[in-house]
Amino acid sequence: MGTSAAPGPGTALEDLPEDALLAILALLAPPDAAAAACACRRLAAAASSPALPLALALRLGLPPPRPLAPSPPAARRLLRSLHRLRRLLGLWRRLPSSAHTPAPHPPSLAAFEWAPRATLAASLLAPSPHGLAVSKSPFVTLSIAESGDTVAAIGDVPVCVNFVGNNHIVVEAATAAGEDEDVEMVSGSPPEEIYAHFANRRSAGAGRRRRGRQGRRAGGMEAEHFVRIADAEPTKLRPLQGVWKGICEDRTLEFYLVTYDDIGGVTCRRFGDTRSQNSGYSPVFWTTDATFLEPPFSEQELDNYSSRSHISGVASNHADSENRVISRILCISSSCNVVDPHLSTPLDEGRNVEGRIWLYEDGTFGFGFVGSNSIIDLRHVSAAGCIL
């Protein structure tokens with residue numbers, strides 16, 4: 001794509017140079033690019049140009065794909081593969097499995113990140129037993145073959161990474177045909193999407209025979225389901241949202257997911273293992289009003305914070321008493337059995353415990369509850385799409 005002069009005033013869309021049209025189409029998802037191609041002949045020609053995959057690769061910050069001038073069918077496959085890799089970027093949560101899995105149970109968090117040579121590498125994330133580090137174990141690697149198709153593997157074992165809707169993927173043994181199958185759905189809960197995924201297979205008998213061959217080739221691999229964590233990092237308007245890591249009161253590192261609802265509420269859940277359908281869904285804290293207290297703070301609020309210790313030691317009893325600069329404070333609630341499970345009784349099950357979130361100037365935050373003299377400080381798991 002060569003350098004072109006800037007368009008003058010009153011320039012129509014049809015008058016834009018090809019590289020400008022390609023740059024526009026590279027910003028669009030495939031359905032939107034197909035719709036734009038119906039607007040005029042110039043956009044239709046650009047949408048079918050073999051140079052469009054190169055424009056998309058440049059937008060994603062990837063090296064130029066090979067071959068540079070693919071045939072039209074190979075260009076379409078290459079474009080589809082690039083969009084597939086782009087859609088996979090980010091953090092995904094493993095759905096509970098009905099199959100019995102021996103301990104230790106697999107991590108419930110996966111991260112897809114760009115790797116060298118235009119490949120996409122997925123890692124399973126787990127809290128490290130040492131400090132605040134995150135342990136990463138290799139999971140799936142995806143690359144683009146010379147034919148333009150997506151190739152996925154776990155180690156040396158070929159697998160398929162199939163989309164079931166926009167925010168749900170299935171990692172399973174490679175199909176007999178060796179290509180991924182996408183089941184496109186606009187919406188639906190994970191159970192509905194899982195049903196649609198398997199209901200779209202060719203036939204029950206063929207599915208059993210195919211799964212039998214896959215089981216032998218992939219070592220009996222069970223299909224694993226993941227859902228996207230859409231808001232994995234905080235924003236200016238939602239400073240608490242995202243995936244966080246922090247040392248809880250039993251001195252172990254845990255992952256936390258904080259979400260906002262449509263009516264202004266905030267909920268925090270701890271990532272659990274994948275043994276049961278309800279794992280990870282017990283709220284650590286919640287509030288129906290995310291309105292912060294602004295400085296200056298009352299003496300009571302300041303004493304409530306300064307009298308506490310910050311938990312900072314993994315597998316130890318060490319606590320840090322050094323306080324940090326608070327920018328805002330939020331009132332929260334939790335259930336009694338979450339705050340102190342050893343003191344909860346049947347009479348306490350319906351009782352809520354009041355607490356506070358202290359948002360620090362660096363964008364991180366800590367939380368604590370009445371009856372406890374400690375603060376659990378949370379830090380970012382990722383920033384700008386990169387695992388910290």
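Predicted model: local features only at pLDDT ≥ 70, side-chain atom pairs only at ≥ 80, totals over all residues.
**Entry 1: Arg324 and Asp362**

I began with the side chains of Arg324 and Asp362, which meet in a salt bridge with an N to O distance of 2.6 Å. I then looked up where the two partners sit: Arg324 lies in the loop between strand 14 (319-320) and strand 15 (326-335), while Asp362 lies in the loop between strand 16 and strand 17 (365-369), so the pair ties together parts that are 38 residues apart in sequence.

**Entry 2: Arg356 and its partners**

I turned next to Arg356, which forms a salt bridge with Glu301, the closest N and O atoms being 3.0 Å apart. Arg356 belongs to strand 16 (residues 352-360) and Glu301 to helix 8 (residues 299-306), so this pair links parts that are 55 residues apart in sequence. I checked burial for this pair and found that both Arg356 and Glu301 are buried.

I also found that the side chains of Arg356 and Glu354 meet in a salt bridge, at 2.7 Å from N to O. Salt bridges with shared partners join Glu301, Glu354 and Arg356 into one network.

**Entry 3: Cysteines**

I searched the whole structure for disulfides and recorded 0. Among the cysteines I looked up Cys40, which is buried with a relative accessible area of 12%, and Cys268, which is buried with a relative accessible area of 0%.

**Entry 4: Helix 4**

How many of the 8 residues of helix 4 (residues 52-59) are buried? I found that 6 of them are, so helix 4 is largely enclosed by the rest of the structure. The buried residues are Leu52, Pro53, Leu54, Ala55, Leu56 and Ala57. I then asked what covers these buried residues of helix 4, and the cover includes helix 1 (18-26), helix 3 (41-47) and helix 5 (72-88). Last, I followed the chain just past helix 4, where Gly61 takes a positive phi of about 75°.

How values were computed. Residues numbered from 1 in each chain as written. Heavy atoms only, no water. Disulfide = S-S within 2.5 Å. Buried < 20%, exposed > 50% of the residue type's maximum accessible area, 1.4 Å probe, protein only. Salt bridge = Lys/Arg side-chain N within 4 Å of Asp/Glu carboxyl O. Helix = DSSP H or I, 4+ residues; strand = E, 2+ residues; numbered from the N terminus. Contact = heavy atoms within 4.5 Å.
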